[in-house]
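Please look at the sequence and the structure first.

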Amino acid sequence: ILSADSYFMKLKLLYLHNKNPLISSHFIDLFVCIFFSSRVLECQGLPIVNGQCDPYATVTLAGPSRSEAKKTKVKKKTNNPHFDEVFYFEVGWDYLFLIFIYYESFKIICFYYRVDLWNASNLKFGDEFLGELRLPLKFLRQSSSYEAWYFLQPRDNGNKSLKPDDLGSLRLNVVYTEDHVFSSDYYSPLRDLLLKSADVEPVSASAAHILGEVCREKQEAAIPLVRLFLHYGRIVPFISAIANAEVKRTQDPNTIFRGNSLTSKCIDETMKLAGMHYLQVTLKPIIDEICQVHKPCEIDPVKLKDGENLENNRENLRQYVDRIFTVITKSGVSCPTVMCDIFFSLRESAAKRFQGDLDVRYTAVSSFIFLRFFAPAILSPNLFQLTPHHPDPQTSRTLTLISKTIQTLGSLSKSKSVSMFMIKRAQGRKRFGMKNFKKRWFRLTNHEFTYQKSKGDHPLCSIPIENILAVERLEEESFKMKNMFQVIQPERRVLYIQANNCVEAKDWIDILTKVSQCNKKRLTVYHPSAYLNGHWLCCKATADNTPGCTPCTGGLPANIQLDIDGDRETERIYSLFNLYMPKLEKMQEACGSKSVYDGPEEEEYSTFIIDDPKETYKTLKLIIEGVGTLEQEHAQYKRDKFKKTKYGSQ
């Protein structure tokens, strides 16, 4: 059913009337010829169906004992088509005997005009209906035209009355949640307790881990925890701590991170929040091509359509897989720093735990980056904002085959680095001279940007990726040297570098910007020239700590910046603790039972992971106290709200 607020079309109608009366003594013997001219002008905002919109219109003039239809041309790949096509319809009654006084009221009252919009589909199910409009022609006057916009309507069901059973049924589960968020100081005790989780030994005794233990679904706990830790910059140490604990409990390297644990859910949620832009720049161009071109890739002989060739399909699939896999394996420098840090931690934990398995350091990472990130995005691109709608059946089948193949190839990927000789100026020098510029070997990884005297030497300087605040071009007037750019660091420390040519300079600026684009403290303005002889050459400001005078060109687009309210996430965590208070109390009992009686564990306590009963009990006590305090504040808020409420007010 189409919304009348979204899809509409523009029509122009023209009515022409010719008559040749032959008057007899009693009746009017009348020959009438009526012409209708219809110009279909344009449509706006048509829906995109299965990733495409190739609209056309059918125009029908219907009346007593007649229904004549005509069709416009198909407009490819647009949901705002301009048709501008004219159709003529002729209606005549030969020697129709009419009383003259009734003629005017009869002429066109029985006719109506219908336009149907369709999406031309290459699928076996036929074209998709987009909407229609029906216009009775009684409002037209002789030799008059009428032009207007019309909202498209759902398909007319005629006079048939639908019974409830004919429409089918739909079952919904609607949940309404209302959070009353106080000012930040109310949440300090609980928030501080949560943020210390990464430093608690063992991590199973931490407040964040306990939340994952008491929640019915791990996803319930993962969503607010990840958002809270991301907001305060503590997500990497937290996930590293819980991942290391899970690896220690894993006995078989083939099952590492394969379950729905708190670790896997937290990493999934982190990748969704921090990696959405990464998916856009990596997969979207190829996904768009697959959805638009519709190359056949079916390799199951049973499912082949008429006219398809198995070898051609296999080659189409191989080309798609090769392109996507190449793009993924070369995208390391585009991967957000927070994801790189997490994967590095997973790799180190797995390698330390299973030292005899040389492949586990790669499979531990590929289980997330391929099986839980890229493969699901390829399989359902609409869920990851890569396409606006679910793909059509043929494209879905192609994406399914690609996704399965990518999962198989996932374990073959290796980390990437970039390195090259360039010239750099010594950092912190106040005086300018040629001796300040040295040729150095630069190397970039996902974690640091370093330089050394020659390849293989120990680094003379290492700049962590999180310390790169901006990477911009440097104007030639600064040092009378071409192809220069600057790497801006905290405390106004700047590294000036000269590339070998303009292409290499652009490549280094792009790649450094990509690896640092998620840094929280990225600058918004910079100085395009150097600070020399007591002033900035660009804006002439004399203070060396003067803010930049030109907007930075790098950084994330505004629509993908993470907008997280730390207080709201803490309130949500409080609500979960309050909801599962009986489980918190049961976990306290389990800690007491373990401390006093070191024997077989009772069945009702076996669901909790308790490595250190005393530490876990202490944390539980603090959680219950913090939740109780917030519960009192909420109760007081409700009492005050009840007193101030005036019934009958609007």
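Strand β12, residues 461-464, has a covered face made of Cys461 and Ile463 and an uncovered face made of Ser462 and Pro464. In a regular strand, side chains alternate between the two faces of the sheet. The model is predicted.

- Strand β12 pairs with strand β11, residues 448-452, in the antiparallel sense, over 4 bridges.
- Within this pairing, Pro464 of β12 has Glu448 opposite.

**Helices α2 and α3**

- Helix α2 spans residues 188-195, and its buried residues are Leu190, Arg191, Leu193, Leu194 and Leu195.
- These buried residues pack against four helices: α3 (207-214), α4 (218-231), α13 (566-579) and α15 (613-644).
- In α3, 8 of the 8 residues are buried, so this helix is largely enclosed by the rest of the structure.
- The buried residues of α3 are Ala207, Ala208, His209, Ile210, Leu211, Gly212, Glu213 and Val214.

**Asp567 in helix α13**

- Asp567 lies in helix α13, one of the helices that the buried residues of α2 pack against.
- The relative accessible area of Asp567 is 15%, and buried means under 20%, so Asp567 counts as buried.
- Leaving aside residues up to four places away in sequence, Asp567 touches Val181, Phe182, Ser183, Ser184, Tyr187, Arg191 and Tyr232.
- Among these, Arg191 is a buried residue of α2.
- The side chains of Asp567 and Ser184 are joined by a polar contact of 3.2 Å.

Note on methods. Residues numbered from 1 in each chain as written. Predicted model: local features only at pLDDT ≥ 70, side-chain atom pairs only at ≥ 80, totals over all residues. Heavy atoms only, no water. Buried < 20%, exposed > 50% of the residue type's maximum accessible area, 1.4 Å probe, protein only. Helix = DSSP H or I, 4+ residues; strand = E, 2+ residues; numbered from the N terminus. Contact = heavy atoms within 4.5 Å. Pairing = 2+ DSSP bridges. Polar contact = N/O pair within 3.5 Å; in protein donor to acceptor, adjacent residues only side chain to side chain.
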